[in-house]
Amino acid sequence: MRYKLVFVAGLGLGFVIGTRAGREVYERMKSSAKQVAGNPAVRNAAESAAQGGRQAAGRALHLVGDQAQRIRSRREHNGHYSGQAAGYEDDDWGTSNT
């Protein structure tokens, strides 16, 4: 999400600067941006950052899954899912038959 916001902000800034400075300056900025984006060092850095992000996301997903499993296991062991710990019977929304 952060990268999308930065991208959109960059597009907006480029548009505003380009319209104020004129077409010639806009074209120079555009060609400079293409050169930077095409630079192998920049491309390698971007790919490395993307790979690191994917690895971090995978680790986070694994950790969250493990924690959720522990919580689920504890609740099942203590009987919290069926309402037994709160003293309620398993009937229609806690209503009684009286």
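Which pattern does the protein chain follow when read along the sequence? The pattern is α-α-α, with three helices and zero strands in the chain. Helices here are DSSP runs of H or I with at least four residues, strands are E runs of at least two, and both are numbered from the N terminus. Keep in mind that this is a predicted model, where local features need pLDDT of at least 70, side-chain atom pairs count only at pLDDT 80 or more, and totals for chains, interfaces and linings use all residues. Residues are numbered from 1 along each chain as its sequence is written, and side-chain values use heavy atoms, with hydrogens and water left out.

The chain has 98 residues, and 4% of them count as buried (under 20% relative accessible area; exposed is over 50%, partly exposed in between, with a 1.4 Å probe and protein chains only). Accessible areas come from the Shrake-Rupley method with a 1.4 Å probe, and for residues only the protein chains shown count as cover.

Now the largest pocket, which has a volume of about 560 Å³. A pocket is an open set of points on a 1 Å grid over the protein atoms alone, where a 1.4 Å probe fits, with protein on both sides within 12 Å along at least five of seven lines; lining residues have an atom within 4 Å of a point. The volume is the space filled by probe spheres set on the points, which are joined across faces, edges and corners. Its lining has 14 residues, and Val 6, Phe 7, Gly 10, Leu 11 and Ala 33 lie nearest the centre. Helices α1 (2-21), α2 (23-38) and α3 (40-78) each give at least two lining residues, but α1 has the largest share with seven. By type, the lining splits into eleven nonpolar, two polar and one charged.

There's also a nonpolar surface patch made of Leu 13, Ile 17, Tyr 26 and Met 29, with about 330 Å² of accessible area together. Both α1 and α2 give two or more residues to this patch. Patch residues have over 30% relative accessible area and no salt bridge, with nonpolar side chains joined within 5 Å and like charges within 9 Å. Met 29 sits in helix α2, and its C-alpha is 8.1 Å from that of Gly 14, 15 residues away in sequence.

Side chains of opposite charge can pair when their charged atoms come close. The count here is one salt bridge (a side-chain nitrogen of Lys or Arg within 4 Å of a carboxyl oxygen of Asp or Glu). Arg 54 and Glu 47 form it, at 3.1 Å, N to O.

Here are some partly exposed residues:

| Residue | Relative accessible area |
|---|---|
| Met 29 | 33% |
| Glu 47 | 45% |
| Arg 54 | 48% |

Note on methods. Nonpolar A, V, L, I, M, F, W, Y, C, P; charged D, E, K, R; others polar.
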